[in-house]
Amino acid sequence: MTTVLEARDVTMRFGDVVALDGLSLAVAQGEFVVVVGASGCGKSTLLNLFAGFEAPTRGEVLLHGARIADIEPRCGMVFQNYALFEWLTVAQNIGFGPRMRGRADPQRVADLLRLIGIEDFADHYPAQLSGGMKQRVALARTLANEPEVLLCDEPFAALDAMTRQVLQQELSRIVQHEKRTCVFITHSIDEALLLADRIVVMSARPGRVKQVLDNDLPRPRTADVQLSEYFLDRKRAIWESVQEEVLTSLVRAP
Amino acid sequence: MQAFPRTLPPRRRLLLGVAGVLGVIVLWWALTFPFFTETVTRHERVATGEIVTRTHPVTGETLQMPVFDTVERTESRHRALVNPPALDTPGNTLRDAWTLLTVERPGRPTLLTHMLRSTLRILLGFLVSASVAVPLGIAMGLFPTLRALVSPIISFLRPLPSISWVPLAMIWLGAGELQKLAIVFMGMFAAALIYTIEATIKVPPDLIKAARNLGASDRQLLWRVLLPAALPNIVSGLKVVVAIGWTCVISAEIVGTQEGLGALIWLSKETADTSAVLVGMACISGIVLLLDLATTRIERHLLPYLFLRERGS
(Lines give C-alpha, C1' and ligand atoms only; values in the text may rest on other atoms or scores of the structure.)
Protein backbone atom coordinates (compact mmCIF):
# COMPACT_ATOMS: atom_id res chain seq x y z
CA MET A 1 0.00 0.00 0.00
CA THR A 2 1.37 3.38 -0.96
CA THR A 3 1.20 6.25 1.47
CA VAL A 4 -0.61 9.27 0.06
CA LEU A 5 -0.74 11.65 2.96
CA GLU A 6 1.56 11.74 5.92
CA ALA A 7 2.13 13.79 9.05
CA ARG A 8 5.64 13.20 10.35
CA ASP A 9 6.34 14.13 13.97
CA VAL A 10 4.17 17.23 13.68
CA THR A 11 3.99 19.79 16.45
CA MET A 12 1.63 22.74 16.23
CA ARG A 13 1.78 25.58 18.67
CA PHE A 14 -0.53 28.60 18.91
CA GLY A 15 1.20 30.95 21.29
CA ASP A 16 1.40 29.03 24.56
CA VAL A 17 -1.10 26.40 23.49
CA VAL A 18 0.32 23.20 22.11
CA ALA A 19 -2.42 21.87 19.84
CA LEU A 20 -0.47 18.94 18.40
CA ASP A 21 2.60 17.39 19.93
CA GLY A 22 4.79 15.09 17.88
CA LEU A 23 1.92 13.55 15.96
CA SER A 24 2.64 11.05 13.21
CA LEU A 25 0.06 9.54 10.92
CA ALA A 26 0.27 7.96 7.48
CA VAL A 27 -2.78 7.54 5.26
CA ALA A 28 -2.63 4.90 2.54
CA GLN A 29 -4.09 5.10 -0.97
CA GLY A 30 -7.83 4.45 -0.91
CA GLU A 31 -7.96 4.27 2.85
CA PHE A 32 -10.77 5.76 4.96
CA VAL A 33 -9.22 7.03 8.18
CA VAL A 34 -11.46 8.42 10.89
CA VAL A 35 -9.90 10.55 13.61
CA VAL A 36 -11.83 10.50 16.90
CA GLY A 37 -11.09 12.67 19.88
CA ALA A 38 -12.44 14.90 22.59
CA SER A 39 -13.23 18.47 21.63
CA GLY A 40 -10.18 20.68 21.60
CA CYS A 41 -7.79 17.79 20.95
CA GLY A 42 -6.45 19.36 17.78
CA LYS A 43 -8.43 17.29 15.25
CA SER A 44 -9.33 20.30 13.17
CA THR A 45 -5.78 21.61 13.39
CA LEU A 46 -4.60 18.36 11.88
CA LEU A 47 -6.97 18.79 8.92
CA ASN A 48 -5.90 22.41 8.46
CA LEU A 49 -2.32 21.19 8.21
CA PHE A 50 -3.27 18.53 5.64
CA ALA A 51 -5.11 21.15 3.58
CA GLY A 52 -2.17 23.51 3.81
CA PHE A 53 -4.16 26.25 5.56
CA GLU A 54 -1.50 26.27 8.21
CA ALA A 55 2.13 25.19 8.44
CA PRO A 56 3.31 23.09 11.38
CA THR A 57 5.54 24.64 14.01
CA ARG A 58 7.76 21.55 13.73
CA GLY A 59 7.72 18.42 11.65
CA GLU A 60 6.50 17.79 8.13
CA VAL A 61 3.23 17.25 6.34
CA LEU A 62 3.67 15.35 3.08
CA LEU A 63 1.48 14.60 0.09
CA HIS A 64 2.95 11.85 -2.06
CA GLY A 65 6.21 12.39 -0.22
CA ALA A 66 6.39 16.09 -1.12
CA ARG A 67 6.07 18.70 1.56
CA ILE A 68 2.78 20.64 1.64
CA ALA A 69 3.96 24.24 1.61
CA ASP A 70 0.89 26.13 0.46
CA ILE A 71 -2.87 25.67 0.28
CA GLU A 72 -3.23 22.30 -1.33
CA PRO A 73 -6.24 21.89 -3.67
CA ARG A 74 -5.39 18.21 -4.04
CA CYS A 75 -6.57 17.78 -0.45
CA GLY A 76 -10.25 18.74 -0.76
CA MET A 77 -12.00 19.89 2.38
CA VAL A 78 -15.64 19.40 3.40
CA PHE A 79 -16.69 21.78 6.16
CA GLN A 80 -19.08 21.27 9.04
CA ASN A 81 -21.09 24.36 8.13
CA TYR A 82 -21.09 23.49 4.39
CA ALA A 83 -19.45 26.82 3.38
CA LEU A 84 -21.51 26.92 0.18
CA PHE A 85 -21.52 29.99 -2.04
CA GLU A 86 -25.01 31.39 -1.47
CA TRP A 87 -25.00 33.43 -4.68
CA LEU A 88 -24.35 30.44 -6.90
CA THR A 89 -26.77 27.70 -7.85
CA VAL A 90 -26.17 24.10 -6.85
CA ALA A 91 -24.64 23.30 -10.25
CA GLN A 92 -22.46 26.43 -10.16
CA ASN A 93 -21.28 25.58 -6.65
CA ILE A 94 -20.27 22.12 -7.76
CA GLY A 95 -18.52 23.49 -10.84
CA PHE A 96 -16.68 26.20 -8.87
CA GLY A 97 -13.33 24.47 -8.37
CA PRO A 98 -12.79 23.28 -11.95
CA ARG A 99 -13.94 26.67 -13.22
CA MET A 100 -11.44 28.53 -11.06
CA ARG A 101 -8.72 26.30 -12.41
CA GLY A 102 -9.81 26.87 -15.99
CA ARG A 103 -11.16 23.35 -16.43
CA ALA A 104 -14.93 23.76 -16.41
CA ASP A 105 -16.57 20.40 -17.08
CA PRO A 106 -20.38 20.42 -17.27
CA GLN A 107 -20.46 16.67 -17.82
CA ARG A 108 -18.63 15.98 -14.55
CA VAL A 109 -21.03 18.36 -12.75
CA ALA A 110 -23.98 16.48 -14.18
CA ASP A 111 -22.45 13.15 -13.16
CA LEU A 112 -21.88 14.38 -9.62
CA LEU A 113 -25.40 15.75 -9.37
CA ARG A 114 -26.60 12.26 -10.25
CA LEU A 115 -24.13 10.57 -7.94
CA ILE A 116 -25.38 12.51 -4.92
CA GLY A 117 -29.00 12.28 -6.06
CA ILE A 118 -29.81 15.98 -6.43
CA GLU A 119 -30.09 16.42 -10.19
CA ASP A 120 -33.57 17.98 -9.75
CA PHE A 121 -32.06 20.76 -7.67
CA ALA A 122 -29.28 21.81 -10.05
CA ASP A 123 -30.70 25.31 -10.52
CA HIS A 124 -31.68 25.86 -6.90
CA TYR A 125 -29.76 28.16 -4.60
CA PRO A 126 -28.31 26.85 -1.32
CA ALA A 127 -30.87 28.89 0.66
CA GLN A 128 -33.56 26.64 -0.80
CA LEU A 129 -31.96 23.46 0.50
CA SER A 130 -32.09 21.63 3.81
CA GLY A 131 -28.92 20.96 5.80
CA GLY A 132 -28.59 17.43 4.46
CA MET A 133 -28.93 18.60 0.87
CA LYS A 134 -26.42 21.38 1.44
CA GLN A 135 -23.84 18.93 2.75
CA ARG A 136 -24.43 16.71 -0.30
CA VAL A 137 -23.72 19.70 -2.53
CA ALA A 138 -20.63 20.61 -0.52
CA LEU A 139 -19.35 17.05 -0.87
CA ALA A 140 -19.99 17.10 -4.62
CA ARG A 141 -18.26 20.47 -4.92
CA THR A 142 -15.16 19.04 -3.29
CA LEU A 143 -15.28 15.86 -5.38
CA ALA A 144 -15.61 17.90 -8.57
CA ASN A 145 -12.10 19.15 -7.98
CA GLU A 146 -10.84 15.53 -8.16
CA PRO A 147 -8.92 15.71 -4.88
CA GLU A 148 -6.34 13.07 -4.07
CA VAL A 149 -7.59 13.10 -0.51
CA LEU A 150 -10.98 14.04 0.87
CA LEU A 151 -10.72 15.87 4.19
CA CYS A 152 -13.96 15.95 6.19
CA ASP A 153 -14.18 18.21 9.23
CA GLU A 154 -17.15 16.86 11.20
CA PRO A 155 -19.34 17.29 8.14
CA PHE A 156 -22.45 15.72 9.64
CA ALA A 157 -22.25 17.22 13.14
CA ALA A 158 -24.85 19.90 12.43
CA LEU A 159 -27.39 17.47 10.95
CA ASP A 160 -30.23 15.68 12.69
CA ALA A 161 -29.66 12.02 13.58
CA MET A 162 -31.70 10.54 10.74
CA THR A 163 -30.23 12.71 8.01
CA ARG A 164 -26.80 11.95 9.41
CA GLN A 165 -27.40 8.22 9.14
CA VAL A 166 -28.45 8.54 5.50
CA LEU A 167 -25.50 10.75 4.61
CA GLN A 168 -23.01 8.46 6.34
CA GLN A 169 -24.16 5.62 4.13
CA GLU A 170 -24.07 7.83 1.05
CA LEU A 171 -20.59 9.03 1.83
CA SER A 172 -19.45 5.46 2.30
CA ARG A 173 -20.93 4.51 -1.05
CA ILE A 174 -19.52 7.53 -2.88
CA VAL A 175 -16.03 7.23 -1.47
CA GLN A 176 -15.94 3.54 -2.47
CA HIS A 177 -17.40 4.31 -5.88
CA GLU A 178 -14.87 7.08 -6.53
CA LYS A 179 -12.06 5.12 -4.82
CA ARG A 180 -11.09 8.14 -2.76
CA THR A 181 -8.69 8.41 0.11
CA CYS A 182 -10.44 10.07 3.03
CA VAL A 183 -9.51 11.58 6.36
CA PHE A 184 -12.65 12.15 8.38
CA ILE A 185 -12.91 13.87 11.74
CA THR A 186 -15.68 13.21 14.20
CA HIS A 187 -16.48 12.96 17.87
CA SER A 188 -19.03 10.23 17.22
CA ILE A 189 -17.74 6.72 17.81
CA ASP A 190 -20.69 5.25 15.91
CA GLU A 191 -19.83 7.38 12.93
CA ALA A 192 -16.22 6.26 13.14
CA LEU A 193 -17.15 2.59 13.24
CA LEU A 194 -19.62 3.02 10.40
CA LEU A 195 -17.20 4.75 8.01
CA ALA A 196 -13.64 3.85 8.87
CA ASP A 197 -11.13 1.37 7.59
CA ARG A 198 -8.90 2.59 10.39
CA ILE A 199 -9.76 4.59 13.49
CA VAL A 200 -7.26 6.94 15.09
CA VAL A 201 -8.01 7.93 18.67
CA MET A 202 -6.40 11.20 19.65
CA SER A 203 -5.38 12.20 23.15
CA ALA A 204 -6.61 15.38 24.79
CA ARG A 205 -4.52 18.49 24.33
CA PRO A 206 -1.73 18.38 23.38
CA GLY A 207 -3.01 16.15 20.56
CA ARG A 208 -1.14 12.92 19.99
CA VAL A 209 -2.14 9.63 18.44
CA LYS A 210 -3.31 7.60 21.40
CA GLN A 211 -4.48 4.49 19.68
CA VAL A 212 -4.95 3.15 16.15
CA LEU A 213 -7.54 0.47 15.48
CA ASP A 214 -8.21 -1.39 12.26
CA ASN A 215 -11.93 -1.51 11.65
CA ASP A 216 -12.72 -4.72 9.81
CA LEU A 217 -16.50 -4.60 10.15
CA PRO A 218 -18.04 -6.00 6.97
CA ARG A 219 -19.42 -3.53 4.42
CA PRO A 220 -22.08 -2.36 3.82
CA ARG A 221 -22.45 -1.58 7.48
CA THR A 222 -26.19 -1.97 7.74
CA ALA A 223 -28.37 -1.71 10.83
CA ASP A 224 -27.69 -5.40 11.48
CA VAL A 225 -23.96 -4.80 11.57
CA GLN A 226 -24.47 -1.83 13.84
CA LEU A 227 -26.38 -3.98 16.32
CA SER A 228 -23.94 -6.90 16.26
CA GLU A 229 -22.01 -7.94 19.33
CA TYR A 230 -18.76 -7.24 17.52
CA PHE A 231 -19.75 -3.64 16.73
CA LEU A 232 -20.73 -3.01 20.34
CA ASP A 233 -17.49 -4.51 21.63
CA ARG A 234 -15.56 -2.22 19.37
CA LYS A 235 -17.60 0.75 20.45
CA ARG A 236 -16.99 -0.06 24.11
CA ALA A 237 -13.24 -0.37 23.55
CA ILE A 238 -13.00 2.97 21.75
CA TRP A 239 -15.20 4.67 24.28
CA GLU A 240 -12.99 3.53 27.14
CA SER A 241 -10.01 4.91 25.31
CA VAL A 242 -11.72 8.21 24.50
CA GLN A 243 -13.42 8.60 27.85
CA GLU A 244 -10.16 9.12 29.66
CA GLU A 245 -9.28 11.93 27.26
CA VAL A 246 -12.70 13.57 27.53
CA LEU A 247 -12.37 13.59 31.30
CA THR A 248 -8.88 15.05 31.08
CA SER A 249 -10.03 17.79 28.78
CA LEU A 250 -13.05 18.52 30.97
CA VAL A 251 -10.91 19.04 34.03
CA ARG A 252 -8.64 21.31 32.06
CA ALA A 253 -11.43 23.28 30.42
CA PRO A 254 -11.72 25.30 28.36
CA MET B 1 -55.09 33.63 21.59
CA GLN B 2 -51.45 34.31 22.25
CA ALA B 3 -50.60 36.93 24.80
CA PHE B 4 -48.14 38.60 22.45
CA PRO B 5 -48.91 37.47 18.89
CA ARG B 6 -45.94 37.92 16.61
CA THR B 7 -47.72 38.53 13.36
CA LEU B 8 -51.12 39.47 12.04
CA PRO B 9 -52.95 38.36 8.92
CA PRO B 10 -51.94 40.74 6.09
CA ARG B 11 -55.46 42.07 5.56
CA ARG B 12 -55.76 42.98 9.19
CA ARG B 13 -52.34 44.59 9.15
CA LEU B 14 -53.31 46.72 6.15
CA LEU B 15 -56.60 47.76 7.73
CA LEU B 16 -54.90 48.74 10.97
CA GLY B 17 -52.29 50.72 9.07
CA VAL B 18 -54.96 52.64 7.17
CA ALA B 19 -56.82 53.20 10.42
CA GLY B 20 -53.70 54.67 12.00
CA VAL B 21 -53.16 57.15 9.19
CA LEU B 22 -56.85 58.09 9.11
CA GLY B 23 -56.67 58.61 12.87
CA VAL B 24 -53.94 61.18 12.49
CA ILE B 25 -55.87 63.01 9.76
CA VAL B 26 -59.05 63.02 11.85
CA LEU B 27 -57.08 64.35 14.82
CA TRP B 28 -55.56 67.05 12.62
CA TRP B 29 -58.94 67.96 11.28
CA ALA B 30 -60.44 68.06 14.79
CA LEU B 31 -57.65 70.32 16.00
CA THR B 32 -58.02 72.77 13.15
CA PHE B 33 -61.80 72.74 12.64
CA PRO B 34 -63.30 76.09 13.68
CA PHE B 35 -65.63 74.83 16.40
CA PHE B 36 -65.61 77.95 18.49
CA THR B 37 -67.09 81.32 17.86
CA GLU B 38 -65.07 83.97 19.55
CA THR B 39 -66.45 87.42 20.22
CA VAL B 40 -63.83 90.08 19.94
CA THR B 41 -64.54 93.54 21.30
CA ARG B 42 -62.56 96.33 19.75
CA HIS B 43 -62.46 100.02 20.49
CA GLU B 44 -62.21 102.12 17.39
CA ARG B 45 -61.95 105.82 16.89
CA VAL B 46 -64.42 106.87 14.29
CA ALA B 47 -64.77 110.28 12.72
CA THR B 48 -68.22 111.66 13.45
CA GLY B 49 -68.21 113.84 10.33
CA GLU B 50 -68.41 116.99 12.43
CA ILE B 51 -65.72 119.63 11.94
CA VAL B 52 -64.71 122.07 14.64
CA THR B 53 -62.65 125.21 14.32
CA ARG B 54 -59.82 125.67 16.76
CA THR B 55 -56.99 128.16 17.15
CA HIS B 56 -53.52 126.78 17.39
CA PRO B 57 -52.24 127.59 20.88
CA VAL B 58 -48.78 128.66 19.73
CA THR B 59 -48.98 129.93 16.19
CA GLY B 60 -52.48 131.29 16.50
CA GLU B 61 -53.53 129.72 13.21
CA THR B 62 -57.10 128.76 12.67
CA LEU B 63 -57.47 125.02 12.18
CA GLN B 64 -60.35 122.90 10.97
CA MET B 65 -60.35 119.61 12.82
CA PRO B 66 -62.52 116.51 12.52
CA VAL B 67 -64.21 115.21 15.65
CA PHE B 68 -63.55 111.59 16.68
CA ASP B 69 -65.58 109.35 18.82
CA THR B 70 -64.65 105.99 20.39
CA VAL B 71 -66.97 103.24 19.31
CA GLU B 72 -67.13 99.74 20.75
CA ARG B 73 -67.27 97.09 18.05
CA THR B 74 -67.94 93.41 18.59
CA GLU B 75 -67.01 90.88 15.98
CA SER B 76 -67.52 87.15 16.01
CA ARG B 77 -64.71 85.03 14.59
CA HIS B 78 -64.51 81.29 14.03
CA ARG B 79 -61.65 79.77 15.95
CA ALA B 80 -60.19 76.28 16.21
CA LEU B 81 -58.05 74.75 18.93
CA VAL B 82 -55.05 75.30 16.69
CA ASN B 83 -55.11 78.11 14.17
CA PRO B 84 -52.91 79.30 11.34
CA PRO B 85 -50.05 79.98 11.14
CA ALA B 86 -49.44 77.11 13.59
CA LEU B 87 -51.53 74.69 11.57
CA ASP B 88 -54.13 75.03 8.87
CA THR B 89 -56.92 72.57 8.16
CA PRO B 90 -56.13 69.42 6.15
CA GLY B 91 -58.24 70.81 3.30
CA ASN B 92 -56.40 74.10 3.14
CA THR B 93 -53.05 72.38 3.41
CA LEU B 94 -53.99 70.14 0.50
CA ARG B 95 -55.03 73.18 -1.50
CA ASP B 96 -51.72 74.87 -0.69
CA ALA B 97 -49.93 71.72 -1.78
CA TRP B 98 -51.73 71.86 -5.10
CA THR B 99 -50.71 75.50 -5.50
CA LEU B 100 -47.10 74.62 -4.70
CA LEU B 101 -47.24 71.87 -7.26
CA THR B 102 -48.78 73.89 -10.09
CA VAL B 103 -48.05 77.57 -9.63
CA GLU B 104 -44.60 78.84 -10.42
CA ARG B 105 -43.62 82.27 -9.23
CA PRO B 106 -40.33 84.10 -9.60
CA GLY B 107 -37.90 82.77 -6.97
CA ARG B 108 -40.37 80.09 -6.10
CA PRO B 109 -40.17 77.05 -8.36
CA THR B 110 -42.79 74.35 -8.32
CA LEU B 111 -42.74 71.42 -5.92
CA LEU B 112 -41.60 69.10 -8.69
CA THR B 113 -38.46 71.18 -9.23
CA HIS B 114 -37.75 71.08 -5.50
CA MET B 115 -38.12 67.31 -5.38
CA LEU B 116 -36.06 66.73 -8.47
CA ARG B 117 -33.29 69.03 -7.36
CA SER B 118 -32.93 67.43 -3.90
CA THR B 119 -33.10 63.91 -5.31
CA LEU B 120 -30.43 64.73 -7.87
CA ARG B 121 -28.19 66.19 -5.18
CA ILE B 122 -28.58 63.04 -3.12
CA LEU B 123 -28.01 60.69 -6.01
CA LEU B 124 -24.91 62.55 -7.12
CA GLY B 125 -23.57 62.67 -3.56
CA PHE B 126 -24.38 59.00 -3.20
CA LEU B 127 -22.61 58.02 -6.39
CA VAL B 128 -19.50 59.94 -5.46
CA SER B 129 -19.34 58.78 -1.84
CA ALA B 130 -20.21 55.15 -2.66
CA SER B 131 -17.63 54.96 -5.40
CA VAL B 132 -14.97 56.03 -2.93
CA ALA B 133 -16.31 54.32 0.20
CA VAL B 134 -17.05 50.87 -1.27
CA PRO B 135 -13.59 50.13 -2.72
CA LEU B 136 -11.88 51.70 0.28
CA GLY B 137 -14.16 49.82 2.69
CA ILE B 138 -13.48 46.51 1.01
CA ALA B 139 -9.75 47.17 1.13
CA MET B 140 -10.03 48.13 4.80
CA GLY B 141 -12.04 45.00 5.48
CA LEU B 142 -9.37 42.89 3.85
CA PHE B 143 -6.24 44.54 5.20
CA PRO B 144 -6.04 45.09 8.97
CA THR B 145 -3.06 47.43 8.46
CA LEU B 146 -5.11 49.82 6.36
CA ARG B 147 -7.99 49.46 8.80
CA ALA B 148 -5.78 50.41 11.74
CA LEU B 149 -4.48 53.41 9.80
CA VAL B 150 -7.84 54.83 8.68
CA SER B 151 -10.19 53.78 11.49
CA PRO B 152 -9.30 56.60 13.92
CA ILE B 153 -10.01 59.18 11.22
CA ILE B 154 -13.35 57.57 10.50
CA SER B 155 -14.18 57.48 14.21
CA PHE B 156 -13.55 61.21 14.22
CA LEU B 157 -15.68 61.90 11.14
CA ARG B 158 -18.57 59.59 11.91
CA PRO B 159 -20.19 61.47 14.80
CA LEU B 160 -20.24 64.77 12.91
CA PRO B 161 -23.79 65.67 11.86
CA SER B 162 -23.94 66.82 8.26
CA ILE B 163 -25.13 70.25 9.35
CA SER B 164 -21.81 70.83 11.12
CA TRP B 165 -20.11 70.71 7.74
CA VAL B 166 -22.13 73.67 6.45
CA PRO B 167 -19.84 76.47 7.72
CA LEU B 168 -16.62 74.88 6.45
CA ALA B 169 -18.23 73.97 3.15
CA MET B 170 -19.34 77.58 2.69
CA ILE B 171 -15.99 79.06 3.62
CA TRP B 172 -14.12 76.75 1.30
CA LEU B 173 -16.56 76.24 -1.52
CA GLY B 174 -18.95 79.18 -1.45
CA ALA B 175 -22.66 78.60 -1.70
CA GLY B 176 -22.90 76.79 -4.99
CA GLU B 177 -23.65 73.23 -6.02
CA LEU B 178 -20.16 72.06 -5.08
CA GLN B 179 -20.77 73.06 -1.48
CA LYS B 180 -24.00 71.07 -1.45
CA LEU B 181 -22.33 68.07 -3.00
CA ALA B 182 -19.56 68.28 -0.40
CA ILE B 183 -22.00 68.30 2.51
CA VAL B 184 -23.97 65.38 1.14
CA PHE B 185 -20.74 63.53 0.44
CA MET B 186 -19.33 64.05 3.92
CA GLY B 187 -22.59 63.00 5.52
CA MET B 188 -22.82 59.77 3.55
CA PHE B 189 -19.18 58.82 3.26
CA ALA B 190 -18.38 57.68 6.79
CA ALA B 191 -21.55 55.60 7.03
CA ALA B 192 -21.02 53.99 3.63
CA LEU B 193 -17.44 53.19 4.55
CA ILE B 194 -18.35 51.62 7.89
CA TYR B 195 -21.11 49.47 6.38
CA THR B 196 -18.74 48.25 3.68
CA ILE B 197 -15.95 47.42 6.13
CA GLU B 198 -18.35 45.46 8.31
CA ALA B 199 -19.83 43.64 5.34
CA THR B 200 -16.35 42.61 4.23
CA ILE B 201 -15.19 41.51 7.66
CA LYS B 202 -18.37 39.51 8.15
CA VAL B 203 -17.66 37.22 5.17
CA PRO B 204 -17.41 33.80 6.86
CA PRO B 205 -13.76 32.63 7.00
CA ASP B 206 -14.85 29.16 5.92
CA LEU B 207 -16.02 30.57 2.58
CA ILE B 208 -12.56 31.95 2.00
CA LYS B 209 -10.97 28.67 3.09
CA ALA B 210 -13.31 26.73 0.83
CA ALA B 211 -12.55 28.92 -2.18
CA ARG B 212 -8.81 28.66 -1.56
CA ASN B 213 -9.11 24.93 -1.09
CA LEU B 214 -10.95 24.67 -4.40
CA GLY B 215 -8.04 26.38 -6.10
CA ALA B 216 -9.13 30.03 -6.37
CA SER B 217 -6.32 32.53 -6.95
CA ASP B 218 -6.12 35.85 -5.05
CA ARG B 219 -7.90 37.67 -7.83
CA GLN B 220 -10.58 35.00 -8.14
CA LEU B 221 -11.02 34.97 -4.37
CA LEU B 222 -11.68 38.72 -4.42
CA TRP B 223 -14.01 38.85 -7.42
CA ARG B 224 -15.73 35.47 -7.22
CA VAL B 225 -16.09 35.02 -3.48
CA LEU B 226 -15.33 38.02 -1.27
CA LEU B 227 -17.28 40.55 -3.30
CA PRO B 228 -20.39 38.46 -3.92
CA ALA B 229 -20.36 37.30 -0.29
CA ALA B 230 -20.12 40.85 1.04
CA LEU B 231 -22.51 42.35 -1.51
CA PRO B 232 -25.84 41.73 0.29
CA ASN B 233 -24.62 43.50 3.42
CA ILE B 234 -23.02 46.29 1.40
CA VAL B 235 -26.29 46.84 -0.47
CA SER B 236 -28.40 46.93 2.67
CA GLY B 237 -25.90 49.33 4.20
CA LEU B 238 -26.08 51.59 1.16
CA LYS B 239 -29.87 51.64 1.42
CA VAL B 240 -29.51 53.12 4.88
CA VAL B 241 -26.93 55.56 3.50
CA VAL B 242 -29.39 56.86 0.89
CA ALA B 243 -31.85 57.59 3.70
CA ILE B 244 -29.06 59.37 5.61
CA GLY B 245 -28.58 61.41 2.45
CA TRP B 246 -31.83 63.23 3.13
CA THR B 247 -30.63 64.68 6.43
CA CYS B 248 -27.53 65.82 4.56
CA VAL B 249 -29.32 67.44 1.66
CA ILE B 250 -31.68 69.33 3.96
CA SER B 251 -28.66 70.70 5.82
CA ALA B 252 -26.97 71.54 2.53
CA GLU B 253 -30.00 73.48 1.34
CA ILE B 254 -30.16 75.81 4.33
CA VAL B 255 -28.24 78.42 2.40
CA GLY B 256 -27.44 79.52 -1.08
CA THR B 257 -30.29 77.97 -3.00
CA GLN B 258 -33.96 78.45 -3.68
CA GLU B 259 -34.38 75.04 -5.19
CA GLY B 260 -34.71 71.82 -3.26
CA LEU B 261 -37.03 70.56 -0.56
CA GLY B 262 -34.63 71.84 2.10
CA ALA B 263 -34.77 75.32 0.60
CA LEU B 264 -38.56 75.09 0.44
CA ILE B 265 -38.77 74.16 4.11
CA TRP B 266 -36.24 76.72 5.32
CA LEU B 267 -37.61 79.58 3.22
CA SER B 268 -41.23 78.80 4.12
CA LYS B 269 -40.27 79.03 7.77
CA GLU B 270 -39.42 82.71 7.17
CA THR B 271 -42.97 83.47 6.04
CA ALA B 272 -44.56 81.14 8.60
CA ASP B 273 -45.98 79.13 5.72
CA THR B 274 -46.70 75.99 7.72
CA SER B 275 -48.45 74.25 4.85
CA ALA B 276 -45.38 74.54 2.63
CA VAL B 277 -43.19 73.19 5.43
CA LEU B 278 -45.52 70.24 5.91
CA VAL B 279 -45.76 69.56 2.19
CA GLY B 280 -41.95 69.65 1.92
CA MET B 281 -41.61 67.17 4.77
CA ALA B 282 -44.25 64.88 3.30
CA CYS B 283 -42.40 64.92 -0.02
CA ILE B 284 -39.18 63.80 1.70
CA SER B 285 -40.94 60.85 3.31
CA GLY B 286 -42.63 59.99 0.05
CA ILE B 287 -39.43 60.02 -1.97
CA VAL B 288 -37.55 57.99 0.65
CA LEU B 289 -40.31 55.37 0.55
CA LEU B 290 -40.30 55.29 -3.24
CA LEU B 291 -36.53 55.03 -3.39
CA ASP B 292 -36.66 52.20 -0.89
CA LEU B 293 -39.21 50.34 -2.97
CA ALA B 294 -37.10 50.90 -6.06
CA THR B 295 -33.90 49.68 -4.43
CA THR B 296 -35.63 46.60 -3.06
CA ARG B 297 -36.80 45.88 -6.60
CA ILE B 298 -33.26 46.23 -7.88
CA GLU B 299 -32.02 44.06 -5.03
CA ARG B 300 -34.50 41.32 -5.92
CA HIS B 301 -33.29 41.46 -9.47
CA LEU B 302 -29.56 41.51 -8.72
CA LEU B 303 -29.51 39.23 -5.69
CA PRO B 304 -32.41 36.83 -6.27
CA TYR B 305 -30.98 34.23 -3.90
CA LEU B 306 -31.64 36.48 -0.91
CA PHE B 307 -35.36 36.25 -1.42
CA LEU B 308 -35.79 32.50 -1.43
CA ARG B 309 -37.39 30.09 0.95
CA GLU B 310 -36.11 26.69 1.94
CA ARG B 311 -37.50 23.92 -0.19
CA GLY B 312 -36.86 20.22 -0.59
CA SER B 313 -35.16 18.08 2.02
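**Reading a strand and its surroundings**

Author: Let us begin with one residue of this predicted model: Glu154(A) has a relative accessibility of 11%, so it counts as buried, the limit being under 20%.

Reader: Where does Glu154(A) lie?

Author: Glu154(A) belongs to the loop between strand 7 and helix 6 of chain A. Most residues other than glycine have a negative phi. Glu154(A), although not a glycine, has a positive phi of about 45°.

Reader: Which residues of strand 7 of chain A are buried on each side?

Author: On one side these are Val149(A), Leu151(A) and Asp153(A), and on the other Leu150(A) and Cys152(A). Thus 5 of the 5 residues in strand 7 (residues 149-153) of chain A are buried.

Reader: In which sense does strand 7 of chain A pair with strand 8?

Author: The two strands pair in the parallel sense, over 5 bridges; Leu150(A), for example, has Cys182(A) as its bridge partner. Strand 6 (residues 75-78) of chain A also runs parallel to strand 7, joined to it by 4 bridges. There, Cys75(A) is partnered with Val149(A). Together with helix 6 (residues 161-178), strands 7 and 8 of chain A form a right-handed β-α-β unit.

Reader: What is the mean confidence for chain A?

Author: The mean pLDDT of chain A is 89, and helix 8 (residues 223-226) has the lowest confidence in that chain, at a mean of 82.

How values were computed. Residues numbered from 1 in each chain as written. Chains lettered and ligands numbered in written order. Predicted model: local features only at pLDDT ≥ 70, side-chain atom pairs only at ≥ 80, totals over all residues. Heavy atoms only, no water. pLDDT = per-residue confidence, 0-100. Buried < 20%, exposed > 50% of the residue type's maximum accessible area, 1.4 Å probe, protein only. Pairing = 2+ DSSP bridges. Right-handed = clockwise from strand over helix to strand, strands pointing away.
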